[in-house]
Amino acid sequence: MNIKYILVILASIGSLFGEELSVWFDQPAPTKYKKSWLQESDDVTNKRNPDKHWENLAQPLGNGHIGAMFYGGISEERVQFNEKTVWEGGPHVPGYTDGNRKNSYKHLKKIRELFFAGKNSEAEALSKKHLTGDYTSSDKYFGKYQTFGEIYIATGLNEQDIKNYRRKIDLERGLGIVTFSQSGVNYRREYFCSYPDNVLVLRFSADKPFSQNLKLSMDSPHQPKFRDYKDGFSMEGELKNNKMAIASHFRVIVNGGKYSVSNGVITASAATEVIFIMSADTDYVAKAPLYRGENPIKNSANWSENAKNKGFRKLYTRHVADYQKLFSRVSLKLEGGSSRSQLPIDQRRAKYKRNRDDAGLEALYFQYGRYLLICSSRAGSLPGNLQGIWCNELTPAWCSDYHLNINLQMNYWPAETTNLAECHIPLIDYIDMLRVLGAVTAKNYFNARGWVTNLRSNAYGSTGPNNSGLMFWSYFPISAAWLCSHVWQHYEFSGDKDYLKNKAYPIIKSQAQFLEDFLVKLPSGELSSAPSWSPEHGPISQGTYQDIFCTNELFNSAIKASLVLNVDAQERRNWIKIREQLIKPKVGQHGQLQEWIEDIDDPNDKHRHINHLYALYPSNQISPLTTPKLAKAARTTLEQRGDGATGWSMGWKINFWARLHDGDRAHKLFGNLLSNGTYDNLFDKHAPFQIDGNFGGTAGVAEMLLQSQTGTIHLLPALPAAWKSGAVKGLRAKNGFEVSLIWEEGQLKSARIISKLGKPCKLFYNGTNTEFKTTRGKPYDFKVINGKLKLTL
Ligand code: FUC
């Protein structure tokens with residue numbers, strides 16, 4: 001095959017193979033549970049969604065600020081929507097406390113002494129008393145993420161004789177589209193959430209002029225008050241718990257017809273085309289200590305008015321350009337089994353569950369994860385929470401909060417590797433924000449410098465070990481070091497030294513200072529994190545290996561960053577010394593990698609958190625190439641834990657197996673996730689809906705095709721037999737490389753590496769290393785001849 005031809009293929013994967021990239025249904029989602037908030041229970045743990053159709057069948061749109069779920073109804077369209085900052089809790093709740101127990105550090109010495117004297121149960125009792133926080137699971141000060149409201153658009157149509165119904169997410173353009181015909185008229189709706197114009201746009205049209213008779217109204221559980229305008233209405237509301245002000249505007253553009261507005265209802269009659277524009281905002285500002293800004297009514301009015309002035313075409317073009325700039329960087333074609341894109345997604349998934357033979361569906365799932373990240377995480381707002389941005393409740397499961405013991409981090413695993421680094425920014429800004437209360441928690445609990453977080457957080461930067469008396473769902477001070485790995489990773493991929501100096505290093509350095517003060521010398525002379533709790537697993541321990549691996553990684557990044565910036569030589573020497581003294585990983589009695597310093601792992605334990613394998617993924621401290629003994633032990637642990645679990649846990653396991661270079665096993669886990677941990681609309685199922693698994697799965701696919709965690713770019717490290725042939729364009733590797741690959745019959749055929757930074761490149765394929773110098777901006781094309789990479793000029 002000549003190289004030019006290969007490049008043409010690379011540039012046009014997707015359209016060349018003629019498969020439309022969309023998630024589609026052939027029926028509307030039932031709207032039986034309208035006003036979901038009236039149906040729910042107020043238990044935030046182990047709860048089910050009050051609207052099973054919302055989480056299973058409705059479809060998501062979003063721009064990082066506004067999220068929406070549409071049902072595609074014929075006689076009535078229903079669109080549930082969110083604004084990312086609608087959060088109860090925080091400093092404006094009367095009597096607010098930040099959840100920290102004051103001066104807890106005074107008990108720390110005693111707790112540690114009891115531990116070292118072998119009095120574990122006494123140490124545990126004291127820890128529960130002093131090292132947990134003031135909040136309980138759904139505390140009014142901690143708060144919860146909330147739905148904003150629902151939009152209803154009555155169409156005047158009946159449900160009879162509907163033909164050619166389709167509703168879909170068009171992943172290539174970031175659109176929701178509903179089409180159907182009735183009595184010879186073809187109806188078409190297009191929906192999108194625009195990031196550049198910050199509005200939700202809903203366009204209704206048909207091929208018969210003057211056939212649109214629509215009535216739009218909305219409702220919200222937050223004390224809505226409506227005010228009519230000439231071309232629409234506004235809604236102002238307030239959260240009862242913290243008096244957060246929320247506002248929204250609805251405006252209409254009507255072509256070829258008439259409209260009127262009355263009491264918060266927009267009526268369009270005998271129109272050819274109707275466009276509704278919705279904006280939403282709150283008075284939340286992501287800034288401690290008050291987290292409050294201006295009344296949101298002005299912003300909301302301006303966004304909707306500016307958008308209306310632009311008109312549909314311009315809004316559409318600006319949205320598609322913005323969306324495609326991110327989305328189209330990566331394309332993926334997987335060939336294997338049959339691709340059943342001609343089936344609606346629910347039927348397609350049902351077939352997949354039985355046969356596991358639709359590689360096209362697997363590629364779609366990957367791209368859908370990238371779509372979800374673009375929709376739920378854009379600069380200027382909070383990071384994606386447990387449900388991304390989509391939430392139809394007032395008491396969502398786990399408050400739809402930020403769990404810092406895997407879930408928030410997992411949301412961002414695909415950000416760098418699948419070429420969506422911009423979507424990483426909200427997380428990095430959020431981590432920066434956590435430092436404010438984080439310093440208070442560090443002082444109160446450990447009398448330490450720097451800052452710390454624990455198991456969960458919220459929109460108000462909560463950092464204490466929330467949840468009174470429950471170590472397993474509160475205490476996890478190493479979560480801050482884990483978060484910092486994202487701050488560092490963003491530099492490793494981009495090589496942006498200004499970012500490193502001004503944003504990343506101050507965060508990382510202050511975390512290193514925290515750890516310097518926090519770590520404790522065991523009687524053996526080694527450094528550990530006692531008392532320690534392996535997230536949601538326990539028991540209390542003198543040292544858990546997730547703590548140690550995260551700590552090690554944090555010091556690695558602090559050391560490297562200070563070298564790049566040529567600062568803090570003395571601190572660096574100290575960090576190197578500390579790193580050497582950390583307890584070392586151990587292989588236990590069952591051949592497993594030990595989760596705890598104590599050899600107490602149970603080979604029959606199937607727990608979903610495999611915390612210590614953090615060293616394998618997302619970190620890179622264990623690998624079959626560099627630490628084969630530990631890799632073997634990690635494998636034993638994975639075998640013992642099994643291939644089941646909840647959605648996100650299977651997402652994690654895909655990545656583990658990919659890092660062990662076992663493509664078939666990673667693929668098996670991917671199949672398990674798609675079959676047992678996924679709803680029909682491809683949302684991840686914990687259950688209930690929890691978005692992390694989508695991102696774990698998406699990251700896992702990238703990890704099977706390309707790895708660069710060591711700085712060497714490993715091509716096709718875990719290609720499963722099921723993906724016989726395929727092509728991927730635009731995956732990202734550390735040190736500023738973009739990689740495209742084509743393989744046939746399980747063998748790499750060609751590769752293109754684009755060097756964005758001009759750094760030397762190291763490739764690894766089929767057991768052989770290839771190194772070469774690069775020039776910034778240049779592409780390097782390789783063919784594979786006799787199993788070896790050959791540079792073609
Ligand atoms: C993880 C899980 C829990 C739950 C929570 C939101 O930490 O272990 O079961 O999914 O996230």
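Tutor: Contact means heavy atoms within 4.5 Å. Keep that in mind as we explore this model, which is predicted.

Student: Which residues is D401 in contact with, leaving aside its neighbours within four places in sequence?

Tutor: With that cut-off, D401 is in contact with W87, F142, N385, L386, R456 and S457. You will find D401 in the loop between α7 and β18 (402–403). The C-alpha atoms of D401 and Q387 are separated by 8.4 Å, and these two residues are 14 apart along the chain.

Student: Is D401 buried or exposed?

Tutor: Buried means under 20% relative accessible area. D401 has a relative accessible area of 1%, so it is buried.

Student: What about N552: where does it lie, and is it buried or exposed?

Tutor: N552 lies in helix α13. Its relative accessible area is 18%, so N552 is buried too. Not counting residues up to four places away in sequence, N552 touches R579, L582 and Q621.

Student: Let's stay with α13. At what angle do α12 and α13 pack?

Tutor: To read a pair of helices, look at the angle between their axes and at how far apart those axes are. Helix α12 covers residues 497–518 and helix α13 covers residues 545–565; they pack at an angle of about 135°, with their axes 9 Å apart. That angle makes α12 oblique to α13. The crossing in which α12 passes α13 is left-handed.

Student: Which residues make the contact of α12 and α13?

Tutor: From α12 come K497, L500, K501, Y505, I508, Q511, A512, L515 and E516. From α13 come T551, L554, F555, S557, A558, A561, S562, V564 and L565. Sorted by class, this contact has eleven nonpolar, four polar and three charged residues.

Student: How do α7 and α17 cross?

Tutor: Helix α7 (residues 359–376) and helix α17 (residues 663–676) have axes that come within 12 Å and cross at roughly 75°. That makes α7 roughly perpendicular to α17. On the α7 side the contact is made by L361, E362 and Y365, and on the α17 side by H667, F670, L673 and L674. Its classes are five nonpolar, one polar and one charged.

Student: And how do α17 and α18 cross?

Tutor: The axes of α17 and helix α18 (residues 692–705) come within 11 Å, and they cross at roughly 155°. Angles over 145 degrees count as roughly antiparallel, so that is the description for α17 and α18. Their crossing is left-handed. Here G663, A666, H667, F670 and L673 of α17 meet G693, G697, V701 and M704 of α18. By class, the contact of α17 with α18 has five nonpolar, four polar and no charged residues.

Student: One last feature. How many disulfides does the count come to?

Tutor: The general idea is that a disulfide is a covalent bond between the sulfur atoms of two cysteines. The test is a pair of cysteine sulfur atoms within 2.5 Å. By this rule the count is zero. Take C375, which is in no disulfide: the nearest cysteine sulfur belongs to C193 and is 7.4 Å away.

Student: Is C375 buried or exposed, and what of C761?

Tutor: C375 counts as buried because its relative accessibility is 3%. C761 is buried as well, with a relative accessible area of 1%.

Key: Residues numbered from 1 in each chain as written. Predicted model: local features only at pLDDT ≥ 70, side-chain atom pairs only at ≥ 80, totals over all residues. Heavy atoms only, no water. Buried < 20%, exposed > 50% of the residue type's maximum accessible area, 1.4 Å probe, protein only. Axes fitted to C-alpha atoms, helices over the stretch in contact; angles between N-to-C directions. Helix = DSSP H or I, 4+ residues; strand = E, 2+ residues; numbered from the N terminus. Parallel < 35°, antiparallel > 145°, perpendicular 65-115°, else oblique. Left-handed = near helix turned anticlockwise from the far one by under 90°. Nonpolar A, V, L, I, M, F, W, Y, C, P; charged D, E, K, R; others polar.
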